[in-house]
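Student: I'm new to this one. Could you walk me through it?

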Amino acid sequence: MKPLQRHAAAHSFYHLGQREMTNCACAGLACFAARADRQRRWQTAICQSPTVYCLGKCYESPSDGEHDMRPYIGAHARHTVLLGNVLAGGVRDLATYRERGGGAAFARTQTTTPNELVSMVQDSGLRGRGGAGFPAGIKWQSVANEPAPSKYLVVNADEGDPGAFSDRFLLEDDPFRVIEAAAIAAYAVGARRGYIYLRKEYPHAAQVLLGALEQARAAAWPDPSFELELVVGQGGYVCGEETSLLNALERRRPEVRLRPPQITRRGLFGAPTLVHNVETLCAVPWIVTHGAAAYADLGFSRSRGTKLLSLNSLFRRPGLYEVEFGITLADVVGQLGQGLRRGKLKGLMVGGPLAGLVPPEHLSTRLGYEEMQAIECTVGHGGVIAFADDTRIIEIMAEVLRFGARESCGKCTPCHFGTPLLVAMSDAAAAGAPIDASCYQRLIDALAQTSLCGHGRGLAEFVLSVQRHYREELRTWFG
Ligand SMILES: Cc1cc2nc3c(=O)[nH]c(=O)nc-3n(C[C@H](O)[C@H](O)[C@H](O)COP(=O)(O)O)c2cc1C
Ligand code: SF4
(Lines give C-alpha, C1' and ligand atoms only; values in the text may rest on other atoms or scores of the structure.)
(Ligands and ions follow the chains in the order given, each with its own letter.)
Protein backbone atom coordinates (compact mmCIF):
# COMPACT_ATOMS: atom_id res chain seq x y z
CA MET A 1 0.00 0.00 0.00
CA LYS A 2 1.31 3.48 -0.87
CA PRO A 3 2.19 5.81 2.01
CA LEU A 4 -0.35 8.57 2.64
CA GLN A 5 2.23 11.24 3.30
CA ARG A 6 5.52 12.33 1.84
CA HIS A 7 7.67 15.45 1.87
CA ALA A 8 8.61 17.67 -1.06
CA ALA A 9 12.06 16.76 -2.44
CA ALA A 10 15.03 18.39 -0.69
CA HIS A 11 16.15 21.43 -2.70
CA SER A 12 18.36 24.37 -1.82
CA PHE A 13 15.33 26.44 -2.87
CA TYR A 14 13.42 25.78 0.35
CA HIS A 15 13.80 27.77 3.56
CA LEU A 16 12.95 25.12 6.13
CA GLY A 17 14.25 21.70 5.06
CA GLN A 18 14.33 19.38 8.06
CA ARG A 19 13.90 22.21 10.58
CA GLU A 20 11.38 21.67 13.39
CA MET A 21 8.73 24.34 13.70
CA THR A 22 8.66 24.45 17.49
CA ASN A 23 11.74 26.69 17.91
CA CYS A 24 10.86 29.14 15.12
CA ALA A 25 9.89 32.79 15.59
CA CYS A 26 7.46 34.39 13.22
CA ALA A 27 8.57 37.34 11.08
CA GLY A 28 5.25 37.66 9.22
CA LEU A 29 3.56 41.00 8.66
CA ALA A 30 1.01 40.57 11.44
CA CYS A 31 3.90 40.10 13.88
CA PHE A 32 5.56 43.16 12.37
CA ALA A 33 2.31 45.12 12.87
CA ALA A 34 2.12 43.95 16.48
CA ARG A 35 5.70 44.55 17.41
CA ALA A 36 5.43 48.24 18.29
CA ASP A 37 3.69 47.43 21.57
CA ARG A 38 5.60 44.25 22.29
CA GLN A 39 8.85 45.24 20.68
CA ARG A 40 11.10 43.55 23.18
CA ARG A 41 9.44 40.16 23.10
CA TRP A 42 9.36 40.18 19.30
CA GLN A 43 12.95 41.25 18.91
CA THR A 44 14.18 38.69 21.43
CA ALA A 45 12.27 35.93 19.68
CA ILE A 46 13.55 36.99 16.26
CA CYS A 47 17.15 37.26 17.46
CA GLN A 48 17.26 33.93 19.24
CA SER A 49 15.38 31.67 16.85
CA PRO A 50 15.24 30.75 13.18
CA THR A 51 12.53 32.86 11.55
CA VAL A 52 9.61 31.90 9.36
CA TYR A 53 7.19 34.12 7.49
CA CYS A 54 3.92 33.42 9.23
CA LEU A 55 2.99 30.55 11.49
CA GLY A 56 -0.74 31.24 11.06
CA LYS A 57 -1.13 32.56 14.61
CA CYS A 58 -1.58 36.21 13.71
CA TYR A 59 -4.32 36.53 16.34
CA GLU A 60 -1.67 36.28 19.08
CA SER A 61 1.24 38.07 17.43
CA PRO A 62 4.12 38.30 17.90
CA SER A 63 4.01 34.53 17.79
CA ASP A 64 6.41 31.61 17.89
CA GLY A 65 6.37 27.92 17.14
CA GLU A 66 5.81 26.80 20.73
CA HIS A 67 2.84 28.74 22.03
CA ASP A 68 -0.61 28.37 20.58
CA MET A 69 -4.01 29.36 21.86
CA ARG A 70 -7.35 29.10 20.14
CA PRO A 71 -8.61 32.38 18.68
CA TYR A 72 -12.12 33.79 18.83
CA ILE A 73 -14.13 32.11 16.05
CA GLY A 74 -17.40 33.59 14.84
CA ALA A 75 -19.93 33.15 12.04
CA HIS A 76 -21.58 36.37 10.90
CA ALA A 77 -23.53 35.21 7.86
CA ARG A 78 -27.16 34.15 7.31
CA HIS A 79 -25.88 30.58 6.83
CA THR A 80 -22.72 29.08 8.23
CA VAL A 81 -21.25 27.45 5.16
CA LEU A 82 -17.70 26.83 6.32
CA LEU A 83 -17.19 27.07 10.05
CA GLY A 84 -19.86 24.72 11.49
CA ASN A 85 -17.44 22.00 12.62
CA VAL A 86 -14.76 24.52 13.55
CA LEU A 87 -17.22 26.32 15.83
CA ALA A 88 -18.07 22.96 17.39
CA GLY A 89 -14.45 22.68 18.50
CA GLY A 90 -13.28 20.49 15.61
CA VAL A 91 -14.27 17.09 14.23
CA ARG A 92 -11.34 14.73 13.87
CA ASP A 93 -12.96 11.33 13.71
CA LEU A 94 -14.97 10.04 10.82
CA ALA A 95 -17.86 8.68 12.86
CA THR A 96 -18.52 12.09 14.44
CA TYR A 97 -18.18 13.81 11.08
CA ARG A 98 -20.84 11.53 9.63
CA GLU A 99 -23.11 11.90 12.67
CA ARG A 100 -22.98 15.64 12.08
CA GLY A 101 -24.18 15.20 8.49
CA GLY A 102 -20.79 14.86 6.82
CA GLY A 103 -20.69 12.59 3.79
CA ALA A 104 -24.24 13.43 2.70
CA ALA A 105 -22.97 15.65 -0.10
CA PHE A 106 -20.74 12.95 -1.57
CA ALA A 107 -23.58 10.41 -1.27
CA ARG A 108 -25.80 12.80 -3.24
CA THR A 109 -23.25 12.99 -6.07
CA GLN A 110 -23.83 9.29 -6.69
CA THR A 111 -27.21 10.19 -8.18
CA THR A 112 -25.83 13.27 -9.94
CA THR A 113 -23.86 13.26 -13.19
CA PRO A 114 -20.45 14.96 -13.31
CA ASN A 115 -21.93 17.49 -15.77
CA GLU A 116 -24.70 18.36 -13.35
CA LEU A 117 -22.12 18.94 -10.62
CA VAL A 118 -20.09 21.24 -12.87
CA SER A 119 -23.26 23.22 -13.68
CA MET A 120 -24.14 23.39 -9.99
CA VAL A 121 -20.76 24.93 -9.13
CA GLN A 122 -21.10 27.34 -12.05
CA ASP A 123 -24.59 28.41 -10.96
CA SER A 124 -23.48 28.90 -7.35
CA GLY A 125 -21.12 31.70 -8.43
CA LEU A 126 -18.30 30.19 -6.32
CA ARG A 127 -14.99 31.92 -7.03
CA GLY A 128 -11.50 30.77 -6.01
CA ARG A 129 -10.58 31.84 -2.48
CA GLY A 130 -6.83 31.37 -2.97
CA GLY A 131 -6.48 34.97 -4.11
CA ALA A 132 -7.41 35.44 -7.74
CA GLY A 133 -11.19 34.98 -7.41
CA PHE A 134 -11.42 33.02 -10.66
CA PRO A 135 -14.83 31.35 -11.18
CA ALA A 136 -14.51 27.76 -9.94
CA GLY A 137 -17.13 26.41 -12.37
CA ILE A 138 -15.11 27.52 -15.40
CA LYS A 139 -12.07 25.59 -14.16
CA TRP A 140 -14.18 22.50 -13.44
CA GLN A 141 -15.65 22.69 -16.94
CA SER A 142 -12.21 23.05 -18.56
CA VAL A 143 -10.78 20.00 -16.76
CA ALA A 144 -13.96 17.96 -17.27
CA ASN A 145 -13.84 18.72 -21.02
CA GLU A 146 -10.33 17.31 -21.42
CA PRO A 147 -10.42 13.80 -22.89
CA ALA A 148 -7.17 12.71 -21.12
CA PRO A 149 -6.84 9.19 -19.62
CA SER A 150 -5.55 10.55 -16.29
CA LYS A 151 -6.31 13.79 -14.49
CA TYR A 152 -5.40 15.19 -11.06
CA LEU A 153 -7.04 17.13 -8.28
CA VAL A 154 -4.75 19.24 -6.09
CA VAL A 155 -5.70 20.89 -2.81
CA ASN A 156 -3.63 24.01 -2.29
CA ALA A 157 -3.04 24.07 1.47
CA ASP A 158 0.06 26.25 1.31
CA GLU A 159 -1.66 29.30 2.89
CA GLY A 160 1.43 31.45 2.50
CA ASP A 161 -0.09 34.92 2.84
CA PRO A 162 1.17 36.38 6.11
CA GLY A 163 -1.93 37.33 8.08
CA ALA A 164 -4.17 34.45 6.97
CA PHE A 165 -4.97 31.44 9.15
CA SER A 166 -8.38 30.38 7.81
CA ASP A 167 -7.19 27.31 5.90
CA ARG A 168 -5.23 26.25 8.97
CA PHE A 169 -8.42 25.94 11.03
CA LEU A 170 -10.37 24.22 8.25
CA LEU A 171 -7.56 21.67 7.96
CA GLU A 172 -7.06 21.14 11.67
CA ASP A 173 -10.73 21.18 12.70
CA ASP A 174 -12.57 19.84 9.66
CA PRO A 175 -10.21 17.51 7.78
CA PHE A 176 -12.97 15.18 6.58
CA ARG A 177 -14.74 18.05 4.87
CA VAL A 178 -11.53 18.71 2.92
CA ILE A 179 -11.37 15.03 1.94
CA GLU A 180 -15.06 14.88 1.01
CA ALA A 181 -14.84 18.10 -1.03
CA ALA A 182 -11.76 16.81 -2.87
CA ALA A 183 -13.58 13.57 -3.71
CA ILE A 184 -16.60 15.49 -5.07
CA ALA A 185 -14.45 17.77 -7.24
CA ALA A 186 -12.41 14.80 -8.47
CA TYR A 187 -15.57 12.92 -9.42
CA ALA A 188 -16.94 15.97 -11.29
CA VAL A 189 -13.84 16.46 -13.43
CA GLY A 190 -12.83 12.81 -13.80
CA ALA A 191 -9.69 12.75 -11.62
CA ARG A 192 -8.79 9.50 -9.86
CA ARG A 193 -5.78 10.79 -7.93
CA GLY A 194 -5.30 13.82 -5.75
CA TYR A 195 -2.76 15.53 -3.56
CA ILE A 196 -3.01 17.89 -0.61
CA TYR A 197 0.03 20.17 -0.66
CA LEU A 198 0.44 21.44 2.89
CA ARG A 199 2.90 24.04 4.17
CA LYS A 200 5.41 22.81 6.70
CA GLU A 201 4.61 25.68 9.06
CA TYR A 202 1.38 23.84 10.02
CA PRO A 203 2.70 20.67 11.70
CA HIS A 204 -0.51 20.09 13.67
CA ALA A 205 -2.57 20.20 10.47
CA ALA A 206 -0.23 17.58 8.97
CA GLN A 207 -0.80 15.28 11.93
CA VAL A 208 -4.58 15.72 11.81
CA LEU A 209 -4.79 15.26 8.05
CA LEU A 210 -2.69 12.13 8.13
CA GLY A 211 -4.95 10.65 10.80
CA ALA A 212 -8.05 11.59 8.81
CA LEU A 213 -6.67 10.12 5.59
CA GLU A 214 -5.89 6.88 7.41
CA GLN A 215 -9.42 6.68 8.86
CA ALA A 216 -10.94 7.46 5.46
CA ARG A 217 -8.86 4.80 3.73
CA ALA A 218 -9.65 2.18 6.38
CA ALA A 219 -13.38 2.87 5.93
CA ALA A 220 -13.11 3.04 2.09
CA TRP A 221 -14.75 6.48 2.47
CA PRO A 222 -15.99 8.46 0.66
CA ASP A 223 -14.81 7.00 -2.64
CA PRO A 224 -12.40 4.05 -2.61
CA SER A 225 -11.56 4.65 -6.28
CA PHE A 226 -10.13 8.11 -5.50
CA GLU A 227 -6.65 8.18 -3.95
CA LEU A 228 -5.64 11.23 -1.95
CA GLU A 229 -2.10 11.76 -0.64
CA LEU A 230 -0.63 14.39 1.68
CA VAL A 231 2.58 16.12 0.62
CA VAL A 232 4.27 18.43 3.14
CA GLY A 233 6.32 21.33 1.75
CA GLN A 234 9.66 22.57 3.02
CA GLY A 235 9.08 26.29 3.25
CA GLY A 236 8.64 28.65 0.31
CA TYR A 237 5.83 31.17 -0.17
CA VAL A 238 5.93 30.91 -3.94
CA CYS A 239 5.09 27.18 -3.73
CA GLY A 240 1.51 28.40 -3.17
CA GLU A 241 1.48 29.66 -6.75
CA GLU A 242 -0.14 26.79 -8.54
CA THR A 243 2.48 26.05 -11.20
CA SER A 244 5.30 26.28 -8.68
CA LEU A 245 3.26 23.94 -6.46
CA LEU A 246 2.97 21.42 -9.30
CA ASN A 247 6.75 21.51 -9.76
CA ALA A 248 7.15 20.86 -6.03
CA LEU A 249 4.78 17.88 -6.28
CA GLU A 250 6.83 16.56 -9.20
CA ARG A 251 9.93 16.92 -6.98
CA ARG A 252 11.38 19.56 -9.32
CA ARG A 253 12.77 22.94 -8.29
CA PRO A 254 9.57 24.84 -7.51
CA GLU A 255 9.91 27.70 -9.96
CA VAL A 256 6.88 29.23 -11.60
CA ARG A 257 5.99 27.76 -15.00
CA LEU A 258 5.35 29.66 -18.20
CA ARG A 259 1.74 29.67 -19.44
CA PRO A 260 0.15 28.60 -21.74
CA PRO A 261 -0.50 25.74 -21.56
CA GLN A 262 -2.97 26.30 -18.76
CA ILE A 263 -2.77 23.66 -16.04
CA THR A 264 -6.40 22.69 -16.67
CA ARG A 265 -4.99 21.26 -19.93
CA ARG A 266 -1.41 20.29 -19.01
CA GLY A 267 -0.78 20.40 -15.29
CA LEU A 268 0.65 17.79 -12.93
CA PHE A 269 2.81 15.26 -14.82
CA GLY A 270 1.45 16.83 -18.03
CA ALA A 271 -2.15 15.84 -17.25
CA PRO A 272 -5.23 18.09 -16.87
CA THR A 273 -5.28 19.31 -13.28
CA LEU A 274 -7.78 21.07 -11.07
CA VAL A 275 -6.06 23.09 -8.33
CA HIS A 276 -8.17 24.64 -5.62
CA ASN A 277 -7.61 26.43 -2.40
CA VAL A 278 -8.82 24.69 0.79
CA GLU A 279 -11.53 27.27 1.51
CA THR A 280 -12.89 27.14 -2.05
CA LEU A 281 -13.24 23.37 -1.86
CA CYS A 282 -14.75 23.43 1.62
CA ALA A 283 -17.76 25.35 0.26
CA VAL A 284 -18.55 22.56 -2.21
CA PRO A 285 -20.27 20.03 0.14
CA TRP A 286 -22.61 22.81 1.35
CA ILE A 287 -23.42 23.79 -2.25
CA VAL A 288 -24.17 20.17 -3.17
CA THR A 289 -26.38 19.68 -0.11
CA HIS A 290 -28.25 23.01 -0.15
CA GLY A 291 -28.19 23.81 -3.85
CA ALA A 292 -26.49 26.40 -6.04
CA ALA A 293 -29.29 28.94 -5.60
CA ALA A 294 -29.01 28.91 -1.79
CA TYR A 295 -25.29 29.63 -2.06
CA ALA A 296 -25.74 32.30 -4.72
CA ASP A 297 -28.33 33.96 -2.47
CA LEU A 298 -25.53 34.75 -0.01
CA GLY A 299 -23.12 37.61 -0.68
CA PHE A 300 -23.57 40.50 -3.06
CA SER A 301 -22.72 41.84 -6.50
CA ARG A 302 -20.44 39.40 -8.38
CA SER A 303 -19.07 37.98 -5.11
CA ARG A 304 -21.41 35.26 -3.94
CA GLY A 305 -21.37 33.14 -0.81
CA THR A 306 -19.33 33.57 2.33
CA LYS A 307 -15.69 34.39 2.96
CA LEU A 308 -13.40 33.65 5.87
CA LEU A 309 -11.50 36.59 7.34
CA SER A 310 -8.54 36.26 9.71
CA LEU A 311 -8.14 39.32 11.95
CA ASN A 312 -4.75 40.05 13.49
CA SER A 313 -3.80 40.77 17.07
CA LEU A 314 -4.08 44.53 16.72
CA PHE A 315 -7.86 44.23 16.82
CA ARG A 316 -9.56 44.15 20.21
CA ARG A 317 -11.15 40.89 19.12
CA PRO A 318 -8.76 39.15 16.76
CA GLY A 319 -9.89 35.83 15.32
CA LEU A 320 -11.43 33.87 12.50
CA TYR A 321 -14.74 35.08 11.04
CA GLU A 322 -17.13 33.81 8.40
CA VAL A 323 -18.89 36.73 6.71
CA GLU A 324 -21.03 37.27 3.65
CA PHE A 325 -19.50 39.28 0.85
CA GLY A 326 -20.88 42.80 0.99
CA ILE A 327 -19.91 43.60 4.57
CA THR A 328 -18.20 47.02 4.73
CA LEU A 329 -14.60 47.22 5.82
CA ALA A 330 -15.75 49.64 8.52
CA ASP A 331 -17.90 46.83 9.96
CA VAL A 332 -14.98 44.42 9.74
CA VAL A 333 -12.96 46.82 11.89
CA GLY A 334 -15.72 48.04 14.19
CA GLN A 335 -18.19 45.16 14.57
CA LEU A 336 -16.02 42.09 14.08
CA GLY A 337 -12.70 43.35 15.36
CA GLN A 338 -14.30 45.78 17.84
CA GLY A 339 -11.76 48.44 16.99
CA LEU A 340 -8.03 48.56 17.60
CA ARG A 341 -6.20 47.82 20.82
CA ARG A 342 -3.91 50.79 20.37
CA GLY A 343 -3.72 53.96 18.33
CA LYS A 344 -5.73 54.89 15.29
CA LEU A 345 -6.00 52.86 12.12
CA LYS A 346 -3.27 53.67 9.62
CA GLY A 347 -4.34 51.13 7.03
CA LEU A 348 -5.90 47.74 6.51
CA MET A 349 -4.14 45.02 4.56
CA VAL A 350 -6.98 42.73 3.52
CA GLY A 351 -5.69 40.10 1.17
CA GLY A 352 -2.06 39.54 2.02
CA PRO A 353 1.11 41.46 1.26
CA LEU A 354 0.42 41.65 -2.47
CA ALA A 355 -2.99 43.16 -1.96
CA GLY A 356 -2.46 46.83 -1.19
CA LEU A 357 -3.32 48.81 1.89
CA VAL A 358 -6.79 50.28 2.42
CA PRO A 359 -6.56 53.77 3.94
CA PRO A 360 -9.16 54.80 6.57
CA GLU A 361 -11.02 57.03 4.06
CA HIS A 362 -11.96 53.92 2.03
CA LEU A 363 -13.46 51.91 4.89
CA SER A 364 -16.96 52.32 3.44
CA THR A 365 -15.90 49.91 0.66
CA ARG A 366 -17.87 46.67 0.68
CA LEU A 367 -16.01 43.37 0.60
CA GLY A 368 -16.19 42.08 -2.96
CA TYR A 369 -13.68 41.23 -5.70
CA GLU A 370 -14.55 44.09 -8.06
CA GLU A 371 -15.25 46.56 -5.26
CA MET A 372 -11.80 46.01 -3.71
CA GLN A 373 -10.17 46.25 -7.12
CA ALA A 374 -11.83 49.63 -7.64
CA ILE A 375 -9.75 51.01 -4.74
CA GLU A 376 -6.60 49.23 -5.99
CA CYS A 377 -6.74 46.55 -3.31
CA THR A 378 -7.94 42.93 -3.39
CA VAL A 379 -9.92 40.42 -1.36
CA GLY A 380 -6.97 38.04 -1.67
CA HIS A 381 -7.19 35.22 0.82
CA GLY A 382 -8.87 37.37 3.47
CA GLY A 383 -6.05 37.83 5.95
CA VAL A 384 -6.84 41.20 7.55
CA ILE A 385 -3.88 42.98 9.13
CA ALA A 386 -4.55 46.31 10.78
CA PHE A 387 -1.64 48.71 11.08
CA ALA A 388 -1.76 51.40 13.75
CA ASP A 389 -0.78 55.01 13.16
CA ASP A 390 2.50 54.54 15.02
CA THR A 391 3.76 52.43 12.09
CA ARG A 392 5.30 54.45 9.27
CA ILE A 393 4.22 53.68 5.71
CA ILE A 394 7.80 53.55 4.47
CA GLU A 395 8.48 50.80 7.03
CA ILE A 396 5.46 48.80 5.90
CA MET A 397 6.69 49.09 2.31
CA ALA A 398 10.18 47.97 3.32
CA GLU A 399 8.75 45.00 5.23
CA VAL A 400 6.52 43.85 2.35
CA LEU A 401 9.42 44.15 -0.09
CA ARG A 402 11.70 42.24 2.32
CA PHE A 403 9.17 39.44 2.34
CA GLY A 404 8.99 39.65 -1.48
CA ALA A 405 12.76 39.51 -1.92
CA ARG A 406 13.11 36.49 0.33
CA GLU A 407 10.32 34.62 -1.42
CA SER A 408 11.17 35.33 -5.09
CA CYS A 409 11.59 32.08 -7.03
CA GLY A 410 14.44 33.71 -8.94
CA LYS A 411 13.15 33.24 -12.45
CA CYS A 412 12.62 36.91 -13.43
CA THR A 413 15.45 39.42 -13.13
CA PRO A 414 13.44 42.40 -11.76
CA CYS A 415 11.92 40.20 -9.05
CA HIS A 416 15.13 38.33 -8.21
CA PHE A 417 17.62 41.23 -8.30
CA GLY A 418 15.33 44.27 -8.26
CA THR A 419 13.41 43.47 -5.09
CA PRO A 420 16.50 43.34 -2.81
CA LEU A 421 17.51 46.74 -4.24
CA LEU A 422 14.05 48.08 -3.43
CA VAL A 423 14.41 46.74 0.11
CA ALA A 424 17.76 48.47 0.53
CA MET A 425 16.36 51.75 -0.82
CA SER A 426 13.24 51.55 1.35
CA ASP A 427 15.37 50.81 4.44
CA ALA A 428 17.60 53.76 3.59
CA ALA A 429 14.56 56.01 3.17
CA ALA A 430 13.14 54.78 6.48
CA ALA A 431 16.46 55.69 8.12
CA GLY A 432 16.18 59.22 6.72
CA ALA A 433 18.65 58.92 3.83
CA PRO A 434 17.80 60.40 0.42
CA ILE A 435 17.03 57.83 -2.32
CA ASP A 436 17.02 57.93 -6.11
CA ALA A 437 13.24 58.09 -6.55
CA SER A 438 13.34 57.70 -10.32
CA CYS A 439 15.47 54.53 -10.03
CA TYR A 440 12.95 53.24 -7.46
CA GLN A 441 10.06 53.90 -9.85
CA ARG A 442 11.86 52.27 -12.78
CA LEU A 443 12.40 49.13 -10.72
CA ILE A 444 8.72 49.11 -9.73
CA ASP A 445 7.67 49.56 -13.37
CA ALA A 446 9.94 46.70 -14.45
CA LEU A 447 8.45 44.47 -11.73
CA ALA A 448 4.92 45.38 -12.82
CA GLN A 449 5.55 44.83 -16.51
CA THR A 450 7.88 41.85 -16.71
CA SER A 451 7.04 39.55 -13.80
CA LEU A 452 6.00 36.10 -14.81
CA CYS A 453 3.71 35.57 -11.84
CA GLY A 454 1.55 37.42 -9.38
CA HIS A 455 4.37 37.62 -6.85
CA GLY A 456 6.45 40.24 -8.66
CA ARG A 457 3.39 41.92 -10.15
CA GLY A 458 1.66 42.00 -6.78
CA LEU A 459 4.68 43.58 -5.07
CA ALA A 460 4.70 46.35 -7.68
CA GLU A 461 0.95 46.85 -7.38
CA PHE A 462 1.29 47.03 -3.62
CA VAL A 463 3.88 49.81 -3.84
CA LEU A 464 1.92 51.72 -6.50
CA SER A 465 -1.29 51.50 -4.50
CA VAL A 466 0.44 52.64 -1.30
CA GLN A 467 2.12 55.49 -3.16
CA ARG A 468 -1.27 56.67 -4.39
CA HIS A 469 -3.13 56.29 -1.10
CA TYR A 470 -0.37 57.67 1.14
CA ARG A 471 1.06 60.30 -1.21
CA GLU A 472 1.43 62.99 1.46
CA GLU A 473 3.38 60.83 3.89
CA LEU A 474 5.67 59.56 1.15
CA ARG A 475 6.26 62.95 -0.46
CA THR A 476 9.63 63.32 1.31
CA TRP A 477 11.10 60.47 -0.76
CA PHE A 478 8.97 60.21 -3.85
CA GLY A 479 8.03 63.85 -4.52
C1 LIG B 1 2.93 34.17 -5.31
C2 LIG B 1 1.63 33.44 -5.17
C3 LIG B 1 1.37 32.70 -4.03
C4 LIG B 1 0.16 32.01 -3.89
N5 LIG B 1 -0.06 31.33 -2.74
C6 LIG B 1 -1.23 30.66 -2.59
C7 LIG B 1 -1.49 29.92 -1.40
O8 LIG B 1 -0.68 29.89 -0.46
N9 LIG B 1 -2.67 29.25 -1.31
C10 LIG B 1 -3.60 29.27 -2.32
O11 LIG B 1 -4.64 28.63 -2.21
N12 LIG B 1 -3.37 29.95 -3.46
C13 LIG B 1 -2.21 30.64 -3.61
N14 LIG B 1 -1.99 31.31 -4.78
C15 LIG B 1 -2.99 31.23 -5.86
C16 LIG B 1 -2.76 29.95 -6.68
O17 LIG B 1 -1.81 30.20 -7.69
C18 LIG B 1 -4.06 29.48 -7.37
O19 LIG B 1 -4.64 30.57 -8.03
C20 LIG B 1 -5.07 28.89 -6.40
O21 LIG B 1 -4.53 27.84 -5.65
C22 LIG B 1 -6.26 28.35 -7.19
O23 LIG B 1 -7.26 27.92 -6.32
P24 LIG B 1 -8.64 28.71 -6.17
O25 LIG B 1 -9.20 28.82 -7.57
O26 LIG B 1 -9.45 27.85 -5.31
O27 LIG B 1 -8.33 30.05 -5.59
C28 LIG B 1 -0.79 32.04 -4.94
C29 LIG B 1 -0.53 32.78 -6.10
C30 LIG B 1 0.66 33.49 -6.20
C31 LIG B 1 0.91 34.29 -7.45
S1 SF4 C 1 7.73 37.23 -10.49
FE2 SF4 C 1 9.23 36.52 -8.98
S3 SF4 C 1 8.27 34.74 -8.00
FE4 SF4 C 1 7.13 35.15 -9.92
S5 SF4 C 1 8.12 33.87 -11.49
FE6 SF4 C 1 9.16 35.84 -11.52
S7 SF4 C 1 10.92 35.59 -10.12
FE8 SF4 C 1 9.49 33.95 -9.70
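Tutor: Let's start with two helices: α6 passes α9 in a left-handed crossing, meaning the near helix is turned anticlockwise from the far one by less than a right angle. Helices (H or I, at least four residues) and strands (E, at least two) are DSSP runs, numbered from the N terminus. This is a predicted model, where local features need pLDDT of at least 70, side-chain atom pairs count only at pLDDT 80 or more, and totals for chains, interfaces and linings use all residues. Side-chain values use heavy atoms, without hydrogens and water, residues are numbered from 1 along each chain as its sequence is written, and chains are lettered from A and ligands numbered from 1 in the order in which they are written.

Student: At what angle do the axes of α6 and α9 cross?

Tutor: Axes are lines fitted to C-alpha atoms, for helices over the stretch in contact, and angles run from 0 to 180 degrees between N-to-C directions. The axes of α6 (residues 114-124) and α9 (residues 175-189) come within 7 Å, and they cross at roughly 115°.

Student: Where does ligand 2 sit?

Tutor: Around ligand 2 there are 13 residues, and the closest include Cys 409 and Lys 411 (near means a heavy atom within 4 Å). A cavity is a set of points on a 1 Å grid over the protein atoms alone where a 1.4 Å probe fits but cannot get out. Sitting there takes more than half of a molecule's atoms within 2 Å of its grid points, and ligand 2 sits in the second largest cavity.

Student: What is the omega of the peptide bond from Trp 221 to Pro 222?

Tutor: Most peptide bonds are trans. Pro 222 lies in the loop between α10 (203-218) and β7 (227-232). The bond from Trp 221 is cis, with omega near -10°.

Notes
1 Å grid on protein atoms, 1.4 Å probe; cavity = no way out; pocket = protein on both sides within 12 Å on 5 of 7 lines; lining within 4 Å.
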